[in-house]
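Trainee: Could you take a close look at one part of this with me? I'd like to hear how the pieces are laid out and what touches what.

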Amino acid sequence: MKGIAGSKESNDCLITIETSEKTKIEIQSIVGAFFYEQILKTIEDTLTENRIKNVLVKIEDRGALDYTIKSRLLTAIERMKEDV
Amino acid sequence: MINGVGRFIPDNLDPFVSSDNFLTKERKLISKKNKQSKTVFLNNLTEVFDILNITSGMTFSFHHHLRNGDQVIQMVTNEIGRRNLQNIHLAPSSIFPNYTNLVDLIRNGNVTDIHTNYLNGPAAKLISEGYLRGKLVMNTHGGRARAIESGDLLIDVAFIACPVVDKNGNGHGSFGKSACGTLGYAVSDLEYAKKVVLVTDTVVEELKDYQLDGQYVDYVLVIDSIGERSGIVSGTTEITKDPIGLKIAKECANLLNFLGLIKNDFSMQTGAGKTSLAVVSFVEDIMKKNKIVGSFASGGITKSYVDMLENGLFKKLYDVQCFDLEAVASFAKNENHIAMSASEYGNPFEKNPICNKLDFVVLGATEIDLDFNVNVTTDSLGYLIGGSGGHADIAYGADVTIIISPLIKSRIPIIKEKVMTVTTPGSDVDILITERGIAINPLRKDLKEKLKGSSFPIFEIGELLELTHKITGVPKDIKSDEKVIGYIEYRDGTYLDCLRKVNYEY
């Protein structure tokens, strides 16, 4: 199962989430040097809040703010659930 | 030692003291060239290299009026590579993304030192990564003219792309198939380089009016094409549609009006970016509404200023380089569209440079810090992405210097505690306008006083920084490599900052 949300526009991010044997988060960000930990934390927290486990999350970030990352991830999660 | 903007400068270099420290110094001039012989016309670059006995270790200069369409820098530097000359020092007034062949020349040590005012593209990236074996020195437009006339920057051969040349070696920029308008950045090179080669694709019998005087020209190299016309235009002639940009531009125009700066006979300069063009448009509206006629606008001139000249809103335009084809056409036909050299524009030692007559300027920033120092040279990771150009010259010269910028660009706050690189000292920067608030430099008590009780959203710059961090999070501090790859030279020839090798990859 797989879900995608977002875009690669400036200030946005593209998030892909799919089921996996264990949880893994891959971050590619133009602002990674400054915000890698914060991006990671936002994704981890959102997964925990929604009790999502065993997924591979890939984010291609173009400088999205935390609430953008969170909303893109939530949408990707919903799309993953619908993908059967 | 630590200089006047708190930056470390090696002991063997003259540190920046303050932006008006040059007033205590004398103008230094080497003698202008006294050419004995007649101008010689050639049509083969190899011949030029042979006749001039070009060897390793020499310094060559160029201008950037043909911008991304320039084919002269490519052609000459390719010949350097073909002859495998070593330790060449290049002094182009700017380096554009299109100058791709510089990459191999830098990597292979053919080109080891560079003086320039602005650089962007693959060569800039390579230099940021530490591949230039010597040093990169970044000047301002006015500072480059000063460096050349004083002999601090000695040029062996100036290769000057020139759209039309007459039989006497006089040159002009307005005509010919590669017309680019004024040639302001080439004037110091013309007058002070040891040898001057005009490179052209159009020769006429006689020019009645010319900007480059043939008395300094040793050779004219005639080739098929000096430039690609489509690349000569800077790119943006459109006003921004971005709501944040429009909000900032509107606020800027309203603030200028509130401060009484849009009055009869006022003068201004802006950049050519989309938000700057929006500022110009809003200022134009205010001028029309209040029946204001300005004295002059200066700069890289764009279509919007040409329209204002032709509609009688400005009496004159002073133009060091035309930014679009409408400006090129206007310079050819409007007598009040006046060419200025880089020296007349911004050389601190020029008697009355245009920059000193400006009432206000509106400029951009990549970063600005709590002391109002501005960086337009490197991005937040330290990669070279631009340079002063005229930024530091007009920030010093203008009565009021305004920086316009969104508070956040792709999550990166533009306000920093300390900028990565100081391009323009904060003492010359007066007002920051963002979409969420305006900050006034505490040194400008007069402006603060005038704005007291106004409805403008005035904050301390530190408050705007805190506000930004609430939105973006606090960015992690990053460290540059220790290796110094070059220097920022202030317009008076002192050293403003060091450039260091980057430590990060994109």
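Mentor: Let's start with the word "domain": the bounds come from an automatic or database domain assignment. For chain B, that assignment gives domain 1 (31-232) and domain 2 (243-475). Their C-alpha centres lie 30 Å apart. Bear in mind that this is a predicted model, so local features need pLDDT of at least 70 and side-chain atom pairs count only at pLDDT 80 or more, while totals for chains, interfaces and linings use all residues. As for labels, residues are numbered from 1 along each chain as its sequence is written, and chains are lettered from A and ligands numbered from 1 in the order in which they are written.

Now the place where the two domains meet. Here 29 residues of domain 1 of chain B are in contact with 32 residues of domain 2 of chain B, where contact means that the C-beta atoms, placed from the backbone, lie within 7 Å. On the domain 1 side, the elements giving two or more residues are α4 (122-128), α5 (141-150) and α6 (187-192) of chain B. Helices here are DSSP runs of H or I with at least four residues, strands are E runs of at least two, and both are numbered from the N terminus. The largest share of that side, 6 residues, belongs to α5(B). Sorted by class, the domain 1 side has 11 nonpolar, 14 polar and 4 charged residues. For that sorting, Ala, Val, Leu, Ile, Met, Phe, Trp, Tyr, Cys and Pro count as nonpolar, Asp, Glu, Lys and Arg as charged, and the others, Gly among them, as polar.

Along the principal axes, its C-alpha atoms fill a box of roughly 70 × 55 × 45 Å. With 506 residues, a compact globule would have a radius of gyration near 23 Å, and chain B agrees, at 22 Å. That radius is taken over C-alpha atoms, and the globule rule is 2.2 Å times the number of residues to the power 0.38.

Chain B has a neighbour too: 12 of its residues are in contact with 13 residues of chain A. The chain B side of that contact divides into 7 nonpolar, 3 polar and 2 charged residues.
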